[in-house]
Amino acid sequence: MNKTSGIYPHKLNKITKNNFITYLMVLVLYIAVQLLLVTGNVSSLMEGLLVPLCIYVMLAISLNLTVGILGELSLGHAGFMCVGAFAGAFFSKCMNGAMPDGVRFITALLIGAVSAGIFGILIGIPVLRLKGDYLAIVTLAFGEIIKNLVNVMYIGRDKNGFHFSMKDFFSLNMDAEGEVIVNGAQGITGTPHDASFTMGVILIFLSLIIILNLIHSRDGRAIMSIRDNRIAAESIGINITKYKLMAFSLSAAIAGVAGVLYAHNLSTLTALPKNFGYNMSIMILVFVVLGGIGNIRGSIISAIVLTLLPELLRGLSDYRMLIYAIVLIVMMLFNWSPKAIEWKERMKEKYFPKKLSKGKEVK
Amino acid sequence: MSFISYLINGISLGSVYAIIALGYTMVYGIAKMLNFAHGDVIMVGAFIVFTIVSTLSLPPVLGIATAIIVCTVFGITIERVAYKPLRNAASPLAVLITAIGVSYLLQNLALLIFGANTKSFTSVVAVKPLKFADGNMVISGETIVTIVVGIIVMILLTLFINKTKAGQAMLAVSEDKGAASLMGINVNKTIALTFAIGSALAAVAGVLLCSAYPSLTPYTGAMPGIKAFVAAVFGGIGSVPGAMIGGILLGIIEILGKAYISSQMADAIVFAVLIIVLLVKPTGILGKKIQEKV
Amino acid sequence: MKRFMSIAMASAMAMTLFAGCGSTASEGTDAAAGTDTTATADTAAEGTDATAEGTAAAGESAAGGVFKIGGIGPTTGGAAVYGMAVQNAAQLAVDEINAAGGIGGYQIEFKFEDDENDPEKSVNAYNTLKDWDMQILMGTVTSGCCVAVVEKTSADNMFQLTPSGSSIEAIKYDNAFRVCFSDPNQGMASAKYIGDNAVATKVAVIYDSSDIYSSGIYQKFVTESASQPFEIVSAEAFTADSKTDFSVQLQKAKDSGADLVFLPIYYTEASLILSQAATMNYSPIFFGCDGLDGILDVENFDTSLAEGVMLLTPFAADAQDELTQNFVTTFKEKFGDTPNQFAADAYDAIYAIKAAAEKAGLTPDMDASAICDAMKTAMTQITLDGLTGVGMTWDASGEPNKAPKAVKIENGVYVAM
């Protein structure tokens, strides 16, 4: 056995190294893409995909905080994204022209984060008492409720101030010159296009710093102890509710920021089953599970791969989504099946025997 | 007056949810996995019946029988190829994700084979509707058949699980796979049998769903599938009578919510009631209390 | 074998994407060369006047004698039926034009990309087409996606003609035109028709509150009804997540004594509403917009249920004129379905592009931006006799001028009113 592996400083070193690899990976990717952009070697498709990629990476790492670190299954993550998106877009739409663009966008991001975080706490307090699949279904329910309510929300503004209705457009009772900001199913249109790749990467970095530091902090260890054994954690005096809420609302807040980025990337924001329904929540969960539960770097990679995959398969025309489904199943089997893992180990041993013998001293 | 009509409509909708939920709860109870592809197996069943009855003009009985056989084979194959390799994976979530993959696969396969156009499903139910109050209140033949079939399936499933050897084996597997295999139970076969029964039920549910609501597309199964999942949780997932009760209650809540609160917010109301029920009774209406081991 | 080919194509595409398909990439495939030139042009001059020059160079090197027209719409997912109709009908029109000598002697190359009815995917589809050196966009099919894409086409100065994007914002820039009516236009026309012809005095509405098209028509219909001699007695909604059971909405309409139910929705849901109304013994007049067209062609649908349904639609698949008949026959032969409203809009869209392109005297060596500038003017000068209207003209706002036809279903066929 490696004698030093148990000693604290060495372990810390390993963690720092591991985190460093994650940061470096994002940085290298960013620089590589920027180089390609500057030299003009990026197709329009790739250029258009850069911001969505950032959004999905953020969603994946934020959900990994709930699923991997807190150990609770959430199927309503898209709901938090929806809250952030609408809060941010609403603010931007109201304040467009009233303050400098950069300041406005950063404020919108903060507003998105705070409102999604508040929803996280509000939902988390009752919901986190439940466990396992019951928690999953309740989060799914909350996600659907949020989507449904956003679809019947009407907010308008005229010279008398704001008008609000949950019924229809006519209940707003606005002046003739009044402007409808949120128009039910038609959502918010004309949100300024503020999202950029650089901004996305900065936000990914911020999320990574927050999450990775949390994981390796005292609080993070408390959260993980709840995941590993709730009763044992409680018995040594860890405040279960506090730590669960901390992780859950932080994860919601980051999803909210991703939502704001989403809203400022497209000029139309509508709450469709496609973008904010349970389908999207499940898709984010797919990123997390495929990349490895609790593995932040894996989440980043799988979010990128799975977002690019359907676009790369466009050449298949009609067979595109079929092949996508098959690839997804095969990747899952390859990554998770005990037999495939065993096979991978054997292959590793066969082709890289040195590396393995270092770690395992069985032979 | 109109309240009774709403109630009847709620029971009609609920009976469809109930019959789908029975299949869901069956698979969940034994294999402990949320089979997200269940709704899509329903769609496959409905398409098979549609092809045989409407396109080839053969008798409905033949269509239903074929649908049950094909769905059973489908169920076993899906389990064998996509779920079984992951049964002992490090996290139970892995198999949930492949189930989603299978769901996409079935939808897109159906899209390629049958196209995206809506098909109008001819009801296979020949029972006459019951009419009250000068025909102002109607209980459709489909509703009667769905409820009767639902109750029969419920009783048969309960008897099967409690009285037969194979059913007892299922219970043992659901309690503890390792111990069950030590007792000489073939775990693989038992789980395959569970999926076979679940998928056969899905075929029946597909026929009844499309008889009651005669519109068929490759995405027909997805939303009723999720609603039935909610119904199964509502009634206490894993409990066979719970699925039946949960399904019917969900239907009634949905209709009454639409009628008396807001038709725009029907989904929100259904889910809000679900949340309240689960907060009061965290394992659903008929769910077993889970003892937490230290 | 076919699949193997597709996979090979996909990996080729993947390589072009990942490798950045720079100047080092061989000019072996059209796609690679195309991607290269557009990308260079884009980055060289973002948002400046130089864009025009940049893409001009690109156009010359890649196009060479064919017009490249792109299309976008959902061919997978819940809205696939509309996207596929547009894809098929547009392909049909392109084949016809090519067989008859093309646009001003130049052939058309048509490529259709899937957007799953998701605005984000729609922008991806647009970018994919741009990489392919598209010169004119025929799309997108759905309103929500159209609003997102029009932002991009306007920035790129790309001519866009949507067959069926009906919301106001879908064509808010001067480079965008549409073939269908706008949502408010339909809502207003329906209210006017019901009022002017005294079809009913008590009206109930059932609409999809989660859908842009449906809620758009509903809003205008209600606004307009204020000045019409009928009263709206019930307005009930449904959503994308609960659209199987309409018993409540119908019951409310029945209880309120409505003699007409207005259905500003698509035919898939309408077919369910009609069958449930029949079960309930409720038989008011059902009145719909162009979304209802296609209801008679739902496979295996009992058309007697639709007896007496009235709809305002510019297209009817069983109209007797030669153009419609030819179109419907060829479409059925090729794709096995009866074409619906979306298909007709797409077919007209391609012919409108042809007419305007010939009017403007376009040549394929022009770049997308120059084509757009020429098309913007030419579109307002053409008059098109199409499937969805005779003597259609467009004004600079992008709206078509054509008269909606009111039809009634009698004995399973449309009868003009």
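A: The domain assignment of chain A gives domain 1 (1-42) and domain 2 (43-359); such bounds come from an automatic or database domain assignment. This is a predicted model, in which local features need pLDDT of at least 70, side-chain atom pairs count only at pLDDT 80 or more, and totals for chains, interfaces and linings use all residues. Residues are numbered from 1 along each chain as its sequence is written, and chains are lettered from A and ligands numbered from 1 in the order in which they are written.

Now the helix pair. Two packed helices are described by the angle between their axes and the distance between the axes. In chain A, helix 2 (residues 44-69) packs on helix 12 (residues 296-312) at about 140 degrees, and the axes are 8 Å apart. Helices here are DSSP runs (H or I, at least four residues), numbered from the N terminus. Axes are lines fitted to C-alpha atoms over the stretch in contact, with angles from 0 to 180 degrees between N-to-C directions. Helix 2 of chain A is therefore oblique to helix 12 of chain A, since angles under 35 degrees count as roughly parallel, over 145 as roughly antiparallel, 65 to 115 as roughly perpendicular and the rest as oblique.

Residues are in contact if their C-beta atoms, placed from the backbone, lie within 7 Å. Helix 2 of chain A contributes residues including Leu45(A), Tyr56(A) and Asn64(A); among those from helix 12 of chain A are Ile296(A), Ala303(A) and Glu311(A). The contact residues divide into 12 nonpolar, 4 polar and 1 charged. Ala, Val, Leu, Ile, Met, Phe, Trp, Tyr, Cys and Pro count as nonpolar, Asp, Glu, Lys and Arg as charged, and the others, Gly among them, as polar.

Back to the domains: their centres, taken over C-alpha atoms, are separated by 23 Å in chain A. Their contact takes 9 residues from domain 1 of chain A and 13 residues from domain 2 of chain A.

Key:
Contact = placed C-beta atoms within 7 Å. Helix = DSSP H or I, 4+ residues; strand = E, 2+ residues; numbered from the N terminus.
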